[in-house]
Amino acid sequence: MQDNFQKNSPNLTHLDNQGQAQMVDVSAKASTVRQAVAAGQVRMLPETLAAIQAGNTPKGDVLATARIAGIMAAKQTANLIPLCHPLPLQKVTVEITPDSELPGYQIQATVKTKAETGVEMEALTAVSIAALTLYDMAKALEKSMQIESIRLISKIGGKSGDYINHSGT
């Protein structure tokens, strides 16, 4: 069964000839500038949003802690996701913006490197961990917060070219 799957899916570079997971060999690829942007959101009650905005939370500065956690997570992605390559990251930004329409916070991470492979997983990891940290820092106020819509927004560079997510979510 795996042989048929492999024959019909020639672009699955994370599988070897026996269908086993492997780390992709990127040693022959040129080192180029690559950037990825990911986003997500944390939905909460308006009262929780107001308390975080006012700095009235039991654990301290929710947004600064979540921002730093996201940056640190991007730098640790290869330790968290088994087949990711460790990459020298030149830029990691995590922006956390209040959204009263949600209500909650929009989170966006941008990761940039000059390497042989892309940084999509680093950007997605930064958003995920920033959202989880925001939840952890504010869970005493509300346990029903929801982490939603974590997705790749765009990527620049690499053999597969640029990508922009036009789905609008």
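## Basis of the model

The model is predicted, so to speak of local features a pLDDT of at least 70 is needed, side-chain atom pairs count only at pLDDT 80 or more, and totals for chains, interfaces and linings use all residues. Residues are numbered from 1 along each chain as its sequence is written, and side-chain values use heavy atoms, with hydrogens and water left out.

## Overall fold

The chain has 5 helices and 5 strands. Helices (H or I, at least four residues) and strands (E, at least two) are DSSP runs, numbered from the N terminus. Along the sequence their order is α-β-α-α-α-β-β-α-β-β.

The chain has 169 residues, and 41% of them count as buried. Buried means under 20% relative accessible area, exposed means over 50%, and partly exposed lies in between (1.4 Å probe, protein chains only). Of the contacts between residues at least 6 apart in sequence, 68% join residues at least 24 apart; a contact means heavy atoms within 4.5 Å.

## Confidence

The average pLDDT of the chain is 88, and 86% of the residues score at least 70. The pLDDT is the predictor's confidence in each residue, from 0 to 100. Strand S2 (residues 89–99) has the highest confidence, at 98, and helix H1 (residues 2–8) the lowest, at a mean of 44.

Over residues 1–9 the pLDDT is below 50, and this stretch has 9 contacts in the model beyond near neighbours in sequence. Where pLDDT is low, the predicted coordinates should not be read in detail.

## Salt bridges

Side chains of opposite charge can pair when their charged atoms come close. The structure holds 3 salt bridges, each defined as a side-chain nitrogen of Lys or Arg within 4 Å of a carboxyl oxygen of Asp or Glu. One of them joins Glu 148 and Arg 43, with the closest N and O atoms 3.0 Å apart. Because Glu 148 lies in strand S4 and Arg 43 in strand S1, the pair ties together parts that are 105 residues apart in sequence. Glu 148 is buried, at 16% relative accessibility, whereas Arg 43 is partly exposed, at 29%.

Another salt bridge pairs Asp 136 with Lys 59, and here the closest N and O atoms are 3.3 Å apart. Asp 136 belongs to helix H5 (residues 120–138) and Lys 59 to the loop between helix H2 (46–54) and helix H3 (62–75), so that this pair links distant parts of the chain, 77 residues apart. Asp 136 also meets Lys 139 in a salt bridge, at 2.8 Å from N to O. The relative accessible area is 30% for Asp 136, 44% for Lys 59 and 32% for Lys 139. Each is partly exposed.

## The cavity

Rolling a probe the size of a water molecule over the atoms shows where empty space is left. A search of the whole structure finds 1 cavity of 30 Å³ or more. On a 1 Å grid over the protein atoms alone, a cavity is a set of points where a 1.4 Å probe fits but cannot get out, and lining residues have an atom within 4 Å of a point. Grid points are joined across faces, edges and corners, and a volume is the space filled by probe spheres set on the points.

The largest cavity holds about 30 Å³ of space. Its lining consists of Arg 34, Gln 35, Gly 118, Val 119, Glu 120, Lys 155, Ile 156 and Gly 157. Strand S1 (32–43) and strand S4 (146–156) are the elements that give two or more residues to this lining. By class, the lining has 2 nonpolar, 3 polar and 3 charged residues. Ala, Val, Leu, Ile, Met, Phe, Trp, Tyr, Cys and Pro count as nonpolar, Asp, Glu, Lys and Arg as charged, and the others, Gly among them, as polar.

## A buried loop residue

Thr 57 lies in the loop between H2 and H3. Thr 57 is buried, with a relative accessible area of 12%. Leaving aside residues up to four places away in sequence, Thr 57 touches Ala 51, Ile 52, Val 62 and Leu 141.

## Backbone features

Most residues other than glycine have a negative phi, and most peptide bonds are trans. The bond between Leu 102 and Pro 103 is a cis peptide bond, with omega about -20°. Pro 103 sits in the loop between S2 and strand S3 (104–115).

Ser 149, in strand S4, has a positive phi, near 55°. Ser 149 is partly exposed, with a relative accessible area of 36%.

Conventions. On a 1 Å grid over the protein atoms alone, a cavity is a set of points where a 1.4 Å probe fits but cannot get out, and a pocket is an open set with protein on both sides within 12 Å along at least five of seven lines; lining residues have an atom within 4 Å of a point.
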